[in-house]
Every structure is written in C-alpha cells, then in structure tokens.
Amino acid sequence: MSVLTVADSTDAPVLRGTPVVPGVAHAPVLRVATEVDPAAVARFRAAAPADEEAALAAYDAAAAAVADGFSERAGRVEGAAAQVLTASAGLARDRGLRSAVRKQLRAGADLLGAVEAAVDTFVALFEQQGGLMAERVTDLRDIERRLVARLAGVPEPGVVMPSSPVVLVAADLAPSDTAGLDPTVVVGLVTERGGATSHTAIIARQLGIPCVVGVAGVLAVEAGVDVLVDGTAGVLEVRPDPASAERRVRDDAELRATTAAWTGPAATSDGVRVKLLANVADPASARAATEEPVEGVGLFRTELSFLDRPTEPTTAEQAELYKAVFAPYAEAGHHVVVRTLDAGSDKPIAFATHEGEENPALGVRGLRLAADNPGLLTHQLDAVAEAAAATGVEAWVMAPMVATRDEAEAFAEQVHARGLKAGAMVEVPAVAVLAHRVLEVVDFLSIGTNDLTQYTMAADRLASDLAHLTDPWQPAVLHLVAITAAAGQQAGKPVGVCGEAAADPLLACALVGMGITSLSMAPSAVRAVGAQLARVTAEQCREAADAVLGAVDPTAARAAARAVLVD
C-alpha cells in the first residue's frame, strides 16, 4: 500500500513537521480566525462603562457566557476533550482572574485594558511555572479573546465548522477549539507551533484526526488551496496530484478499516505477545478503556482526581475512588498499575506541593514530596491495598520521579509490606543508566517517555519552540530506553513504556524490538498499535530497533523504522 509513502509526486511542494496522528487526508485548507474584529473592539472601547461596578458587571456577564460555552461543549464530548473544556470553563470563572481585573479597574484602566493586564499577569505566572502550567497560556489567551468578543457583542473567535471536509491550518489551536472538532469534517490538522505532547496533539490523537505539528511555513499556504496531510510521515503536500492524493486516501481508509477491526490480544505476526494497556485518570476513563482491546491499566494517574481539592483526601475517600477504577479489571483478571501522587511542577496540588520553587520541574515533585510529608505516601498506599483487597484486582504500584536506587528500595519496602508489586518510573536519566541496579529492589520499571525526553534533552516538553528536541524519536532518548529494556531482560523483570511514545505504531514496534514488554497509551490508540504489531515479525521489530538506534536524528530514525517495517 502507498499510504505510508511520503510522496508520489515530486511536483508538490512539501512542508515537514512532527507527525502526531497517523493517517492521510486530502482537502482544501481552512484557516482559523483567532482575532476579534478590531472595528467592534474600537466601538466597544469608545462606549465601555466607566463606572467600576458597571464594568465589573459587564465582565462577569462575559465571563459567565464564555464559561457556559465551554461547559456546553464539554457535555457533547468525552475523555480528554471533555476534561480540557471543563478546565477552560473553570479558568474563565476563576475568582483570581476576576480579582485581577477589579484591581486594574481601580488603578484606572478601562475594561478591555483591565482584562488584558489581568491575563498578562497570569500568563507571566504560568510561564514561570513551566510544564503543563505554561501550556495553559494558550488557554488564557483563548479566554481573553473570547471575553473581548463577548464584551464587544460579536461572535467568539475560533473554529467555525464548515459543511464540507477541510484541512485545518493554524499557528496554534486553543485546546478548547481542538476539543470541539468534528473529525468527519475536519479531516486533517496542521499547526505551525506545538509538540507531540501538547493538548492539541493529545486531543487530535483521541479524535483520530491526522495531525502534523511544528510545520514551519504552513501559514503561507493560502486558504482554499488543496493539500494532502500525511500524519504518519509528518508532511503537508501543497497542490498534490489529485489522482495520486485520492488513491492514497483510499489506501489509508482501507488501513483504518483493518485497524478498527483488530480485536487483540496484541502479538507480532509470528506470535510474540505484547501487553497493550490503558492510561486512565478516574473511574469514568477506566470504564471507558474497557471498551477497547486492552489487557489492563499501565498508568493510573491518581493525582488528576485531586487537583482541585484544598485538603488531602482521607484514606477511605481514596480507597473508594480506587475501587471504582479497579473493579472493571478485576472481573477480566487484568492488573492495574497505580502511579502514586505525581504532584509538583506542572501539577500543583494545594495540600501537597511546595510554593515558590525557582525551578519546580527540578524541584520537590513526585516521590520527593514524601520526604517531609510521609503521610501522603502511606495514606495512599493504604488506600490502594484496601481497594485491591476489596476488588481482588492485582495492583502494581510505581513511584514517579525516582532518581536513585535507595529511593526505589525505600519505596518498594513500603509497597511490599502491603502485599503489592512495587515499581519505579524511569523519567530521570540516572535511573535509565543504572536500571540494572534499580531492578535489584523493584519488581518492574515503567518508562515515562514524556518526562524522560524533557530531562534528557534539557527542553520543556510543552515548549513549542523546542518541539524538535522533545520529539520521542530523539536517538539519545531511545538509547536510554534500550538500556532500560536490556536491564529488564537480564533481570527477568517487565519493563513497560507509558509515555506518548507508546501510542506511535511504528515507534511501538521499535520499542518491542528493544525488549519492552508492555505499552500503555490512550485507549483510542490501542487498535492502531495492535494492528501494526500484527503486520510485522519480532525479527522486524528487532531490526527496526537497531535501525533507529543507529540514526542521527528523529527524521532519520523515523525513516529507518519505516524502511524496515513498511516500505
């Protein structure tokens, strides 16, 4: 099939970026309007209320309308998209933002100036915190534009859904816009900025829309021009040959149909088994994941249920939550891997994390929080043990941000004392390098490729300007994965991958070739990975692993894997 070839025509200009969601789409370009009509803004500014209370009342009405719009869209979607829209609704209603607007009004600013200054204050704060908080800057700017539009009495900016298929092109997209996309109409998505782990990429992956990000020069492509997006190769072809483009789209549709029909369990074509697991965050996502052919949970992000709590949940409260997550998997005889509280840095939690750290990504986060607050860990482990006993599920528990063998050993002792399997996440390069020593004291390892990549490459994984460094195909990162996998094989203990890299079908094959025993991902990605594994042999996976480890950069690594697995 030609669906995975980069281009059949040498005449079509080709723009390259980071591939995020595989698939091929051919349609005209639709450019996203991100600015509010300046004439309407000028009219409002001239007639804006001068009285502080009247201005604040106008702000409250606009904020409520924006938040209600987010909430209404959240009710029409599910999973990550619903979570993103709900979070944006909460940010639009944020009392701190309102207080900042009031402060600016009292300082003499007009209403639009007060909104702009208040948002600027929060943007600076979020950028300083880095990580996922820096990613919320896009949300804040989106909310600012929507507030201004509501105040000016014009439609909110963003994606206006067309009636016929299009390829959406933008500098970047607010997560709220991405979450509301209809994949039957928006058949492709291309952005100038963004990385493989951005909100836009994650939601596009959930929706199954072929997506390429970090495409320099894409904004020069005129609206209405026919383009072909290849989300596997990471290219955008401008004015492709129509017959060739349509043939490649048909081939891709056949491939998707084969993928959708795959029901598991996962194995290579010559019968080597690989466990495909789900990443979940709460009882709802845990139940939804069972609708896909998964063999358990490889990453239960426990902290996401507690982000908005001012106080630590009791052991009993935690146990009830964990029981609800475990129950569907106990019935199927599958195990659940629980990640203990991964608070700090980009996930601040009021009752757990430290404030005022100069570099929170390298500060007190994850397992380190238990050093001066041991109750956080012991209460959680007690709750996991209680839930496991009540449901009969096999619970594996792993600690995030482990940096030394001693940390892993102390954690494992507490987990083993409760009759549970103990593991460590491989996010800090030091643990990958000394994986053979860490495996002396734990039962398994799970590689978090998102954080491992940002720490290896010294690049914030959500910084769009550094997307080329935070690409999971970076050879340096893959070498650390291979070192860890080899240590697991030598010790006879499982080593999994639970970062976004696991959801890439071709990279998943290379990971298996390195000796990775399980892959955990968003449930929507499972069939594509399983179907790809079924098309290749274990020897091809090993050859792909050798090929990518010999590459000099991510582009060469992708090409090397494709040459072995597809071409």
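Helix axes are lines fitted to C-alpha atoms over the stretch in contact, and the angles between them run from 0 to 180 degrees between N-to-C directions. Helices (H or I, at least four residues) and strands (E, at least two) are DSSP runs, numbered from the N terminus.

The structure is a predicted model, in which local features need pLDDT of at least 70 and side-chain atom pairs count only at pLDDT 80 or more, while totals for chains, interfaces and linings use all residues. Residues are numbered from 1 along each chain as its sequence is written, and side-chain values use heavy atoms, with hydrogens and water left out.

**Helix packing**

| Helix pair | Angle | Axis distance |
|---|---|---|
| α18 and α19 | about 55° | 9 Å |
| α20 and α21 | about 160° | 8 Å |
| α11 and α12 | roughly 40° | within 8 Å |

Angles under 35 degrees count as roughly parallel, over 145 as roughly antiparallel, 65 to 115 as roughly perpendicular and the rest as oblique. A crossing is left-handed if the near helix is turned anticlockwise from the far one by less than a right angle, and right-handed if clockwise. Contact means heavy atoms within 4.5 Å. In the residue classes, Ala, Val, Leu, Ile, Met, Phe, Trp, Tyr, Cys and Pro count as nonpolar, Asp, Glu, Lys and Arg as charged, and the others, Gly among them, as polar.

α18 and α19 pack at an angle of about 55°, which makes α18 oblique to α19. The crossing of α18 over α19 is right-handed. On the α18 side the contact is formed by Pro 505, Leu 506, Ala 508, Cys 509 and Val 512, and on the α19 side by Ala 528, Val 529, Gln 532 and Leu 533. Eight of these residues are nonpolar, one is polar and none is charged.

Helix α20 covers residues 538-549 and helix α21 covers residues 554-565, and the two pack at about 160°; they are therefore roughly antiparallel to each other. Their crossing is right-handed. The residues in contact include Gln 540, Cys 541 and Glu 543 of α20, together with Ala 557, Ala 560 and Val 564 of α21. By class, this contact has nine nonpolar residues, one polar and one charged.

Helix α11 (residues 315-332) and helix α12 (residues 374-391) cross at roughly 40°, so that α11 is oblique to α12. Here too the crossing is right-handed. Among the residues that meet are Tyr 322, Lys 323 and Phe 326 in α11, and His 379, Asp 382 and Glu 386 in α12. The contact comprises ten nonpolar, five polar and three charged residues.

**Pockets and cavities**

On a 1 Å grid over the protein atoms alone, a cavity is a set of points where a 1.4 Å probe fits but cannot get out, and a pocket is an open set with protein on both sides within 12 Å along at least five of seven lines; lining residues have an atom within 4 Å of a point. Grid points are joined across faces, edges and corners, and a volume is the space filled by probe spheres set on the points.

The second largest pocket holds about 840 Å³. It is lined by 36 residues, of which Val 21, Pro 22, Thr 259, Pro 505 and Ala 528 are the closest to its centre. The elements that each supply at least two lining residues are β2 (18-21), α8 (199-207), α9 (242-261), α18 (505-514), α19 (526-534) and α21. The greatest contribution, five residues, is that of α9. The lining divides into 18 nonpolar, eight polar and ten charged residues.

There are three cavities of 30 Å³ or more, and the largest cavity has a volume of about 90 Å³. Its lining includes Thr 340, Leu 341, Gln 380 and Pro 400, and consists of seven nonpolar, three polar and no charged residues.

**Backbone features**

Gly 264 and Pro 265 are joined by a cis peptide bond, with omega about -5°. Pro 265 lies in the loop between α9 and β9 (275-280).
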